Amino acid sequence: MASLRALGALSRVTARRYNVMSGTLCVMYSHFSVRSFVNYEVKEDVAVIRMNDPNSKVNTLSVQMQTEMTEVFNEVLANNAVQSAVLISSKPGCFIAGADINMIQACKTAEEVTKLSQEGQKMFERIENSPKPIVAAINGSCLGGGLETNLGLISSTIYRVATKSKKTVLGTPEVMLGLLPGAGGTQRLPKMVGIPGAFDMMLTGKNIRADKAKKMGLVHQLVDPLGPGLKSPEERTIEYLEEVAIQCAKDIVNKKIALTRKKGLMQKAQDYVLGIEFVRQQIYKTVTGKVMKMSKGLYPAPLKIIETVKAGLEQGPDSGYLAEAQNFGKLAMTSESNALIGLYHGQVACKKNRFGVPERPVKNLAILGAGLMGAGIAQVTVDKGINTILKDTMVDGLSRGQQQVYKGFNDKTKKKTITSFERDSILSSLTGQLDYKGFEKVDMVIEAVFEDLNIKHKVIKEVEAVISPHCIFATNTSALPIKDIAAASKRPEKVIGMHYFSPVDKMQLLEIITTDKTSKDTTASAVAVGLKQGKVIIVVGDGPGFYTTRCLAPMLAEAVRVLQEGVDPKKLDALTTGFGFPVGAATLADEVGIDVAAHVAEDLGKAFGSRFGGGNVEVLKTMVEKGFKGRKSGKGCYVYTPGLKSKDVNPDLEDLLEKYKLAANPSVSSDSDVQFRLVSRFVNEAVMCLQEGILNGPVEGDIGAVFGLGFPPCLGGPFRFVDTFGADKLVEKMRRFEHVYGNQFTPCQLLLDHAKDSNKRFHK
Amino acid sequence: MASMLMNPLRSFLFTFVFPLTLSVSVSPVQTKSKKTLAKPGVKNIVLVDGVRTPFLTSGTTYADLMPHDLARAALQGLLHRTSLPKDAVDYVIYGTVIQEVKTSNVAREASLGAGFSDKIPCHTVTMACISSNVAMTTAGMIAAGQCDAIVAGGVEFMSDVPIRHSRKMRKTMLALNRAKTLGQRLSLIGSIRMAHLTPELPAVAEFSTAETMGHSADRLAAAFGVSRLEQDEFALRSHTLAKQAQDSGLLSDVISFKVPGRDMVSKDNGIRPSSMEQLAKLKPAFIKPHGTVTAANSSFLTDGASAVLIMSEEKALAMGYKPKAYLRDFVYVSQDPKDQLLLGPTYGTPKVLERAGLTMNDIDVFEFHEAFAGQIMANLKAMDSDWFAQTYMGRKTKVGTPPMEKFNLWGGSLSLGHPFGATGCRLVTTVAHRLQKEGGQYGLVAACAAGGQLSMKVKQAYP
């Protein structure tokens, strides 16, 4: 269920190691006698400066890294035998992944962070004014501070050479952590790639591949990655990059390469137009409008970025750099930044397998049911080197599913992220079939058949008759308790729940559900497969609705009640998105499917009783009877016309709601109250899941809610929300709602504990 | 430049060993090999003779011909050279890469045109730069008792290549064929836009990787640390040796060809020994600005055709021929088309030697196809590397490099030219001629082709 469209900025937060940040030069003037992070050797008259963090797989701009870098630069500048320098990383796949987030988090006040930023600005300014040409040789991720290191080196002295490797990406992802590029990035980037390009990079935080970067003017020259030679491809590629960079450095000194790029006609025209103040004002206005529309004003970082860029362009560099440092300090202290950084750490934690290495890796996997989910699971599996069987019972269904997988990869071909040959070769690992042929070789079966216990039982019996003893049976269900499904199994220790979210290729979350009988190795194997599929994983205990569905159900029940009380679906959507949900509650119900929602509401209603009440389930049931099943049927809360983005409220829904109309109680029906009615039920249920041990901890709870259900990323998840907002204040609101509606709003014990003692926090 | 059509051709390496049976007892080499490489119960297959048209830079004297014209010239040359009766062969096979759509079975068109009997079946094969190697190895039909005499050859004509209408335009034109009413026709014609008129050139890039072969060669050279200087030196060596061979009349496989409406052609025209200074002036052709592969150290686009007469030993002797060499063994290998596209010779050489029961030292004559100087140098370095052999080939030790004093002594594809489909027969004929001239016993042919494939042949000189 829970088919959320891509969330806002956060959903793009890939697991890639982008740390953020910029020049955190708390330049300590202590000298390290032996340098271990940055070293250099002089080759002819070129100083080759190599960065290599001995304690990590990636280079980060730590205090020591920056101190040593400053030292080395000073030596290089003072060395008369050196005409030019090459800056390169000795790590394959990483130039500088950014600065250590912990450095910022260690700061207690905005002023401290501002000071960090100013130190960074100063160092880069010194480098910028270096009389000796510097070539940056980039292989692998060059993000945040890494990019700024280059930008700092821009202007007249820097020349950037990058490999075309898929791992080479440039970008300024600070905005995704609620920050801004704080070491001069906001000031230098607009000069380099133009104002529109700079806004695009800084406001979306997207990663830019090397070839695109060349077109934008972020890099000057590209180098191809090499294949097998006399050394390993990775090693030799770095060597080759260094050779090319050294040659470039020499050519710059000999004036064979000009550092200033010749501007094309378009570029000149753009520069001219952007030279007009009126035009620039219009750009600020448009960009601000877009940001407000997307973020509802809930995220301060994009607005501060615009403000900072504007300060530099309109009032000169001094004001610009000052504004950057100050705004950087302010942003670092915001709860939004704190929440986003928390999610980043949580996401990293949920990309690890805490159950260890499975006994045998899954090489052959079968999926039962080629529907939307089944085909989606196949799509994220087949390109990971796993032979995948997609089985359905009907030719039509199978054909539709295979087409879905094909389309997924063909779209990538069209976007040129893979070649048509890669597409074909990936699809050669996919077998579509109607029978159980080859199941004896399969290491894991994931069933994604219709959500009906009897059908699931039938399937599990059929499958167990053909699979080998080691094979794991995973069931993709959104609400049926796994132990009920496992009841039909001869080997319950091999049965596990894998709850994917639709669309599978876009939604990052995977909720894995274990029963008392599920073996640890089965769990380890399921997590390993999920990680291969690129998922962020939470592992939860069994129970009706597990974690995610269980949190969502009361919120949707409340949403139905709100509709019954006469709130228009559009208004309901506006209230929820206004709170920070990327998708409004009514739209979400349509996306999930009204039939699924009705099914879940009924099931969980039976399991949990009146606490899951609120709206009348009959509303959903009647909608299903009339064929209003949501987006998939073309009508739900809204009417969907193919090809049209805008949607109108379903007129028949109004009549239907009229029938079930409830009188709204004005004391709990203000906009803010409606928002809190929806959110408090969600949050209370989440906390109860932790209380009951369904959840392993608040981190997984936050990640599950944000990545699976679209809980507002700026709030960091239900648990961080309780910490920030205050459990006592939340309980107070809930008591008021409880007074009107009863036990649906009764705060759970754990929440009450936190309300009583303000020192109790979910996140330290 | 070599770029355009090289891609469809991947690397094939042929090793033919031709042993000179009679000299076996005399030469110390033979005591090591102990045998003639003849296999019990298998017919000996011999190369009776081989010829080729002069290889010309495309766009020169052959410019107005068609591919089958060149192939016909080679076939006629072979008939003339061997005085072969026109009905004495059982089969004609040709290799080609860029097919002229009008003569897709170019073997048949050329054979009929050359006056061969119309009772002789012909077929055309393709396997990139080693297409004619495939044509020759199809002579296995002799060993299988299917035939006794086969003509194999190759042809490539780069002065004209099929340039197609765009897919959109083709679709419209085909729909136009099926349109029944004037209205339908007019609406189809009306749907033609400027975009329809953009033509489609033959693939410049490897289909699977979208990388041109020159680009791949440049990366390969970089991976093995082959410098620009080494490449230029090798290119210069190729041109210098080719010029010497041409001047001293060693290239006896070349026949004269009176081109209709033009002059008589009797020499390859791409051999241009130059100086290192001049070579150093050229800019990189593929990877700019820091690449090392230039127009001068790559093989160039060439027109040309070749043909060889292959028979069972008994048949050749019965017809009164004195064969030039035995065709002994061959192997095809293929690798990753992206990063090892042109490394075929490294992989194929040890395999074919093992099959033939020989070692590198037993080989007297090496003929390797020179697609790019950088590719040859990279292969030589790979063959000299224990690390490469252990890491990628599963061998304990390096393959070993062929000594340069036995290597491509009469020039190579860099200087003589490289008509893709025709090069294989040139290499094989050259080995036979060099074995005779230099008094060697075993020869090895290696060629790489697009798709990361390679063919190797071992030849044994005929006593």
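R280(A) forms a salt bridge with E314(A), their closest N and O atoms lying 2.7 Å apart, where a salt bridge is a side-chain nitrogen of Lys or Arg within 4 Å of a carboxyl oxygen of Asp or Glu. The pair links distant parts of the chain, with R280(A) in helix α9 (residues 277–295) of chain A and E314(A) in helix α10 (residues 300–315) of chain A, 34 residues apart. Helices (H or I, at least four residues) and strands (E, at least two) are DSSP runs, numbered from the N terminus. R280(A) counts as buried because its relative accessibility is 13%, whereas E314(A), with a relative accessible area of 25%, is partly exposed; buried means under 20% relative accessible area, exposed over 50%, and partly exposed in between (1.4 Å probe, protein chains only).

This is a predicted model, in which local features need pLDDT of at least 70 and side-chain atom pairs count only at pLDDT 80 or more, while totals for chains, interfaces and linings use all residues. Residues are numbered from 1 along each chain as its sequence is written, chains are lettered from A and ligands numbered from 1 in the order in which they are written, and side-chain values use heavy atoms, with hydrogens and water left out.

E354(B) belongs to helix α13 (residues 344–356) of chain B and R395(B) to the loop between α15 (386–392) and α16 (413–416) of chain B, 41 residues apart. E354(B) is exposed, with a relative accessible area of 60%, and R395(B) is partly exposed at 23%.

Chain A also contains an open sheet of six strands in the order β1-β2-β3-β5-β7-β10, with mixed pairing, two strands being paired if DSSP finds at least two bridges between them. β1 (38–43) and β10 (221–223) of chain A stand at the edges, each with a single partner strand, so one side of each is left without a neighbour in the sheet. Strand β2 (residues 46–51) of chain A runs parallel to strand β3 (residues 84–89) of chain A and is joined to β3 by six bridges, and I49(A) stands opposite L87(A) in β3(A).

No disulfides, defined as pairs of cysteine sulfur atoms within 2.5 Å, are found over all chains in a search of the whole structure. C248(A) has as its nearest cysteine sulfur that of C142(A), 16 Å away, and C248(A) counts as buried at 4% relative accessibility.

UniProt, in an unreviewed entry, places the feature "active site" at E511(A); its positions are given in the numbering used here, feature names are shortened, and annotations may be inferred rather than shown by experiment. E511(A) lies in strand β17 (residues 509–514) of chain A and counts as buried at 0% relative accessibility. Leaving aside neighbours within four places in sequence, E511(A) is in contact with residues including H499(A), F501(A) and Y547(A), contact meaning heavy atoms within 4.5 Å.
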